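User: I have a chain open and want to talk through how it packs. Can you take my questions as they come?

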Amino acid sequence: MIKEDNVLYTLEGYLFLDTYYIPLKAKEEKIIDIMLKRFNEIFSEEYKKRAEEIDMSINDIITIASLIEKEAANDKERSRISGVIYNRLKKGMPLQIDAFSEQNRKMKNGINIA
C-alpha cells in the first residue's frame with residue numbers, strides 16, 4: 001500500500017476480498033496484515049508494470065477499480081465501464097459517473113466513513 005496525503009480511504013481497495021482463516025483472538029492489525037499480504041500476492045509485478053506503462057500510480061489503479069466495482073451492477077458491465085472511465089481520463093474529460101460523484105461529494109464535505 002502506498003500512502004498519499006490526498007487519499008480519503010487509505011485501505012479501500014487494498015483489503016482483498018477472499019476466504020480467510022483467522023485466529024479467533026486476532027487483533028485488527030493482524031487481520032489487516034493478512035488481507036494486505038493477500039492483496040500483494042494477487043497484485044502482481046505484471047499489474048505494477050502495466051500501471052507504470054499507462055503512467056498511473058498503483059493507488060490510481062486501485063481507485064479506478066473501486067469506482068468500477070461501485071458503478072457496475074454485474075460482471076458483464078465491468079469491462080464497458082472500465083473502457084468508459086479510461087477513455088474519459090485519456091481525453092481529460094470529467095468522469096461523470098455516480099460512484100465518482102458520491103466519493104467526490106464525501107471528500108468535499110469532509111465525510112470519512114472508512
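User: What share of the residues of the protein chain counts as buried?

Analyst: This is a predicted model. Of the 114 residues in the protein chain, 23% count as buried.

User: And how many helices and strands are there?

Analyst: The protein chain has five helices and zero strands. Along the sequence the pattern reads α-α-α-α-α.

User: What about contacts, how much comes from residues 24 or more positions apart?

Analyst: Such residues account for 47% of the contacts in the protein chain that have a separation of 6 or more.

User: Now the inside. How many residues does the largest nonpolar core have, and which have the most contacts inside it?

Analyst: The largest nonpolar core has 17 residues, and Tyr14, Phe43, Ile62 and Ile85 have the most contacts inside it. The elements giving two or more residues to this core are H1, H3 and helix H4 (75–91). H3 gives the most, with six residues.

User: Which residues of H3 are buried?

Analyst: In H3 the buried residues are Ile58, Asn59, Ile61, Ile62, Ile64, Ser66, Leu67 and Ile68. H3 has 14 residues and reaches 20 Å from its first C-alpha to its last, close to the 20 Å expected at 1.5 Å a residue.

User: Over to H1. Which of its residues are buried?

Analyst: Met35, Leu36 and Phe39 are buried in H1. Seen down the axis of H1, the buried residues fall within an arc of 100 degrees, so they line one face of the helix.

User: What do the buried residues of H1 pack against?

Analyst: They pack against helix H3 (58–71).

User: And the span of H1?

Analyst: H1 (residues 28–42) has 15 residues and reaches 21 Å from its first C-alpha to its last, close to the 21 Å expected at 1.5 Å a residue.

User: Switching to aromatics. How many aromatic pairs turn up in the whole structure?

Analyst: A search of the whole structure finds three aromatic pairs. One of them is Phe39 with Phe43, which is stacked, at 5.2 Å centre to centre and 15 degrees between the planes. Both Phe39 and Phe43 are buried.

User: How are the rings of Phe43 and Tyr47 placed?

Analyst: Their centres are 5.4 Å apart and their planes are at 40 degrees, so the pair is tilted.

User: Are Phe43 and Tyr47 buried or partly exposed?

Analyst: Phe43 is buried, with a relative accessible area of 9%, whereas Tyr47 is partly exposed at 46%.

User: Last one. Which residues do the ring pairs link into a cluster?

Analyst: The ring pairs link Tyr14, Phe39, Phe43 and Tyr47.

Methods
Residues are numbered from 1 along each chain as its sequence is written. This is a predicted model: local features need pLDDT of at least 70, side-chain atom pairs count only at pLDDT 80 or more; totals for chains, interfaces and linings use all residues. Side-chain values use heavy atoms; hydrogens and water are left out. Helices (H or I, at least four residues) and strands (E, at least two) are DSSP runs, numbered from the N terminus. The expected span of a helix is 1.5 Å times one less than its number of residues. Buried means under 20% relative accessible area, exposed over 50%, partly exposed in between (1.4 Å probe, protein chains only). The arc is that of the directions from the helix axis to the C-beta atoms. Contact means heavy atoms within 4.5 Å. A nonpolar core is a set of buried Ala, Val, Leu, Ile, Met, Phe, Trp, Tyr and Cys residues joined through side-chain atoms within 4.5 Å. Rings of Phe, Tyr and Trp (its six-membered ring) pair if their centres lie within 6.5 Å; planes under 30 degrees apart count as stacked, over 60 as edge-to-face and the rest as tilted.
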